[in-house]
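Have a look at the structure first, then try each task before reading its solution.

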Amino acid sequence: MISYDEADLLPLMFRLRGSVYMRSATYAIPASFLAFVLVLLERWIPNYREDSELWALDSSVIWSALTAVLVFMVGFRTRQGLARLWEGTGLLRQMKGEWFDTVS
């Protein structure tokens with residue numbers, strides 16, 4: 001567990017230890033680099049998408065793929081959250097029953 005000092009609020013927000021920034025950067029940096037290279041190839045070689053059969057990658061296909069991935073991720077996280085909620089509810093009821101048995 002990471003101990004936090006309330007006096008250092010600004011450095012706390014930008015610290016790397018215990019943060020998801022480095023983990024997310026491992027996916028974001030290569031993806032942005034690939035997008036940058038594809039844009040440069042489109043500018044340097046005008047018919048690059050047609051020659052390499054990437055012509056089907058227009059904005060609607062990319063938007064649909066992104067939407068499908070986001071829906072899957074949100075659904076997965078929601079399902080995990082609900083599973084944790086019901087597990088906690090079950091444990092709370094179990095604890096309440098044990099207290100009742102102890103008192104009676």
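## Getting oriented

Read from the N terminus, the elements of the protein follow the order α-α-α-α. That gives four helices and zero strands, where helices (H or I, at least four residues) and strands (E, at least two) are DSSP runs numbered from the N terminus. This is a predicted model, in which local features need pLDDT of at least 70 and side-chain atom pairs count only at pLDDT 80 or more, while totals for chains, interfaces and linings use all residues. Residues are numbered from 1 along each chain as its sequence is written, and side-chain values use heavy atoms, leaving out hydrogens and water.

## Exercise 1

Compare the span of helix H2 with its expected span, and locate its kink.

Solution. Start with the length: H2 covers residues 21-44, which is 24 residues. Next, take the expected span, 1.5 Å times one less than the number of residues; here 34 Å is expected. From first C-alpha to last, H2 reaches 33 Å, close to that value. Finally, a kink of about 25° lies at Tyr27, shortly before the proline Pro30. The bend is the angle between axes fitted to the seven residues ending at a residue and the seven starting there.

## Exercise 2

Describe how Phe72 and Phe76 are arranged.

Solution. First, the structure holds one aromatic pair. Phe72 and Phe76 form this pair, stacked, at 6.5 Å centre to centre and 20° between the planes. Rings of Phe, Tyr and Trp (its six-membered ring) pair if their centres lie within 6.5 Å; planes under 30 degrees apart count as stacked, over 60 as edge-to-face and the rest as tilted. Then look at the spacing: the two are four residues apart in helix H4, so about one helical turn separates them.

## Exercise 3

Is Phe72 buried or exposed?

Solution. Its relative accessible area is 58%, so Phe72 is exposed; the cut-offs are under 20% for buried, over 50% for exposed, and partly exposed in between (1.4 Å probe, protein chains only).
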